[in-house]
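Please consider the sequence and the three-dimensional model shown below. The account that follows leads through the fold as a whole and then through selected residues.

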Amino acid sequence: MINPRIIDYIFTSASIQRWNDYPRMVQLVELDKQAHKFIIAYFIAKLEKDIDYTHLIEAGIFEFLRRVVVTDIRPDVFRKALQKKSKEINSWVISKLTPSLKDINNGTFLQKFEEYLSNPDMYKKERFILKAASYLATKWEFSIVYQTSQFLNDIEDVKKSVDEEIEDYYELIGVRKIALNKKLGKIIDLSGRLRFQKRWAQTPRIPETSVLGHMLTVALFGYFFSLEVNACDKRLQNNFFTALFHDLPEALTRDIITPVKYCVDELSDIIAEYEIEKIQDDILPNIPEVLHEEFSYILGLYDGIKEEFTNKIKLNGKIEVVDDVSKYNTDKYEAIDGLALKQCDKLSAFVEASLSISHGIKSKELLNGKKEILKGLKEVQGIDFKAIAMQIDYEFGTTGQTQARMEFD
């Protein structure tokens, strides 16, 4: 499904600092920016016509991976370099990523990636939406940078440049709505604030990851899982976006760590009820009404409960919980592999802990948390998530530490 090398690339983006030549009141990293971009792109695309959402997801992943490789180049310099040396830069990117990508989906993913980089007309409309979303995510970040940089003599020039660029995307309805700070703008702002909520808040980690960045890592794992099980387009799309938005309500409720959530009888039920209330009061009213049914579905709302991590399909317009999603692998069922996405969620948490331990930050909370996560990883539809975790552990050089800790306990 996915290998430690590509996982390492994905999580490297959590250490890539943005706007690092300006003073910032908070850390701004590439992983969070990319997650915010995907969220914005989803809403922009939903207000347009004839969008292929599989292409949107793939193009976004291709752009993300390329950006991770060329991280040392400033965005404005990178854009100019691409205009003159795109072939050379893209060839270098492919050479760096080929060892990590060549086995994914029997090489088809790498083949599409190469074609995407060499053919600017591939996924043209989806590219434009992603470019607009990237701009809006950058503009949101700049609003933070501007607050602490007004004493710099060039900051007004930067502000003018950022403000003027929005005109390039005014043909997109969603961009106009967000720019005018309409209801949709509130959702973009709400999701952006998830970068301020840190994962594993009770213990130091390297690299730190936010709730926003975590949402994207789970979505990426969900995408690669979908490829591995040959999911139909709608199923792949639903898996990706369900994972991408799975923690969105935490912008309203804050991240509640699992031990706290489940240590008190019925506390998890109370939290779930409150999440539903906040979604209905503060999220759904701020997105276009035409999206309410679909967005509620990927958020996991059905029959008065919220559970994004169950296997679901739509049958005759009604949401049904099923044991085996693979039996409904055609677009008409709008299937979601909830149980597999739960494993992706756990795997992402496992990587967060394993990476930190590999960097020498190995608190009791991380070691115990990692051990408990490993116990909950299992095989789903032929994909052995526990085996993937152990392979990651081995590659990161923390296998011995994990085994020693498990034996000691």
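This is a predicted model: local features need pLDDT of at least 70, side-chain atom pairs count only at pLDDT 80 or more; totals for chains, interfaces and linings use all residues.

Residues are numbered from 1 along each chain as its sequence is written, and side-chain values use heavy atoms, with hydrogens and water left out.

The protein contains 19 helices and 7 strands; these are DSSP runs numbered from the N terminus, helices being H or I with at least four residues and strands being E with at least two. Its C-alpha trace spans about 55 × 50 × 45 Å along the principal axes.

Of the 409 residues, 55% are buried. The term buried denotes under 20% relative accessible area, exposed denotes over 50%, and partly exposed lies in between, with a 1.4 Å probe and protein chains only. The protein exposes about 18,900 Å², of which carbon and sulfur atoms supply 47%; accessible areas come from the Shrake-Rupley method with a 1.4 Å probe, and for residues only the protein chains shown count as cover. Among contacts in the protein with a separation of 6 or more, 71% involve residues 24 or more positions apart, a contact being heavy atoms within 4.5 Å.

There are 56 positive and 64 negative side chains, and the centres of the two sets lie 3 Å apart. In this count Lys and Arg are positive and Asp and Glu negative, while His and the chain ends are not counted. Each charge is placed at NZ of Lys, CZ of Arg, CG of Asp or CD of Glu.

Which residues does His-214 contact beyond its neighbours within four places in sequence? They are Arg-199, His-246, Asp-247, Asp-345, Ser-348 and Glu-352. His-214 belongs to helix H10 (residues 211-228) and is counted as buried because its relative accessibility is 1%. Its side chain forms a polar contact of 2.7 Å with the side chain of Asp-345 and another, of 3.2 Å, with the side chain of Ser-348. A polar contact is a pair of N or O atoms within 3.5 Å; within protein, one must be able to donate a hydrogen and the other to accept it, and residues adjacent in sequence count only if both atoms are side-chain atoms.

Arg-199, one of the residues touched by His-214, lies in the loop between H9 and H10. Arg-199 has a relative accessibility of 14% and therefore counts as buried. The side chain of Arg-199 makes a polar contact of 3.1 Å with the side chain of Glu-352, and Glu-352 is also among the contacts of His-214. The loop between H9 and H10 also holds Pro-207, and the peptide bond from Ile-206 to Pro-207 is cis, with omega near -10 degrees. Helix H9 itself (residues 183-192) is mostly covered, with 7 of its 10 residues buried; among them are Leu-184, Ile-187, Ile-188 and Leu-190.

Two further helical residues illustrate the interior. Ala-132, in helix H6 (residues 124-149), has a relative accessible area of 0% and is therefore buried. Beyond neighbours within four places in sequence, Ala-132 is in contact with Ile-44, Tyr-169, Leu-172 and Val-175. Phe-385, in helix H18 (residues 385-396), is likewise buried because its relative accessible area is 0%. Not counting residues up to four places away in sequence, Phe-385 touches residues including Met-1, Phe-225, Ala-340, Cys-344 and Leu-377. Phe-385 and Lys-346 are 39 residues apart in sequence, and their C-alpha atoms are 9.1 Å apart in space.

Trp-19, which is not a glycine, has a positive phi of about 55 degrees and lies in the loop between helix H1 (4-12) and helix H2 (30-46). Asn-316 also has a positive phi of about 55 degrees without being a glycine; its place is in the loop between strand E3 (311-315) and strand E4 (318-321). Is each residue buried or exposed? Trp-19 counts as buried because its relative accessibility is 16%, whereas Asn-316 is exposed, with a relative accessible area of 79%.
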